[in-house]
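Reader: Hello! Could you walk me through this model, one question at a time?

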Amino acid sequence: TSPRRTTLRQSTESYPPPAPCFSLLPPKSKSMIHNREQLARTPSHAVALDCLTAGITAADPARLTRDAVSVADTTLTVGEASYDLAGYDEVIALGGGKAAAVVAAALEAVLGDHLDSGIVVTDSPRSTERVDVLAGTHPIPDERGVENTRRLLDTAAAADDSTLLVGVITGGGSALMAAPAAGISLADLRSTTDALLNSGATIDE
């Protein structure tokens, strides 16, 4: 029988990387932009920086996870869905993407001892206690990412209806969790991905 699954999706694909004219500090810093005083030359510049900071804060995967996930007694709520954790022997987080380790760490903080283990594949590691953070590459997948994705898939396949799987899927997951189908080599996938990127194809294409 298949395990119950609930999936967190937080897309970062549509957000361009920060412009090189400013430097970002970790979210807990007093000012997210460390050279803000240099850049805020006029009130208009200051407003623009405020808007930029607000946008980055709004897209922060840890904050979004904390907003979407909560636990009360043995009830796990993800968005509008609820799960009785007492009905499961094990809760495992599985997934990948550029922000997957950040989401995994946030899940550990929210679920605490209710979360037993997990695996995420990412190119942006983060310290975690229960979830294994495994390496992959983006946007061109590599053999290490394929091997780690196989480990993730094997873990998912071994789960039964006594296991609740919490899916952690963020932007970049298609490259970081590469699992070429039978008859398609990693070299084929790499060359096709590279050709699509060089052609200017959009993420949907």
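Author: Gladly, and a definition comes first: contact means heavy atoms within 4.5 Å. This is a predicted model, in which local features need pLDDT of at least 70 and side-chain atom pairs count only at pLDDT 80 or more, while totals for chains, interfaces and linings use all residues. Residues are numbered from 1 along each chain as its sequence is written, and side-chain values use heavy atoms, with hydrogens and water left out.

Reader: Which residues does serine 162 touch, not counting residues up to four places away in sequence?
Author: Serine 162 sits in the loop between helix 5 (143–158) and strand 8 (163–170); helices (H or I, at least four residues) and strands (E, at least two) are DSSP runs, numbered from the N terminus. Leaving out residues up to four places away in sequence, serine 162 touches Tyr88, Asp89 and Glu90.

Reader: Is serine 162 buried or exposed?
Author: Buried means under 20% relative accessible area and exposed over 50%, with partly exposed in between (1.4 Å probe, protein chains only). The relative accessible area of serine 162 is 19%, so this residue counts as buried.

Reader: What share of the protein chain is buried?
Author: The protein chain has seven helices and eight strands. Of its 205 residues, the share that counts as buried is 36%.

Reader: Why is strand 6 described as largely enclosed by the rest of the structure?
Author: Strand 6 covers residues 117–122. The description holds because the buried residues there number five of the six.

Reader: What is the handedness of the β-α-β crossover from strand 5 to strand 6?
Author: A crossover is right-handed if, with the strands pointing away from the viewer, the path from the first strand over the helix to the second runs clockwise. Here the chain leaves strand 5, passes through helix 4 (residues 100–111) and reaches strand 6, and the crossover is right-handed.

Reader: Which residue of strand 7 stands opposite valine 120?
Author: Strand 6 also runs parallel to strand 7 (residues 131–135), with five bridges joining them. The strand 7 residue opposite valine 120 is valine 133.

Reader: How far apart in space are leucine 134 and leucine 152, C-alpha to C-alpha?
Author: Leucine 134 belongs to strand 7 and is buried, at 13% relative accessibility. Its contacts, not counting residues up to four places away in sequence, include Ile119, Val120 and Asn148. Leucine 134 and leucine 152 are 18 residues apart in sequence, and their C-alpha to C-alpha distance is 9.4 Å.

Reader: In what order do the three strands of the open sheet come?
Author: The pairing in this open sheet is antiparallel. Its edge strands, each pairing on one side only, are strand 2 (69–72) and strand 4 (81–84). The order of the three strands is 2-3-4.

Reader: Which glycine in the hairpin turn has a positive phi?
Author: Strand 3 (residues 75–78) and strand 4 pair in the antiparallel sense over four bridges. Threonine 77 stands opposite serine 82, and valine 78 has alanine 81 as its bridge partner. The hairpin has two residues between its strands, and the one in the turn with a positive phi, about 65 degrees, is glycine 79.

Reader: Is the peptide bond from histidine 138 to proline 139 cis or trans?
Author: Proline 139 is found in the loop between strand 7 and helix 5. With omega near 10 degrees, the peptide bond from histidine 138 to proline 139 is cis.

Technical notes:
Pairing = 2+ DSSP bridges.
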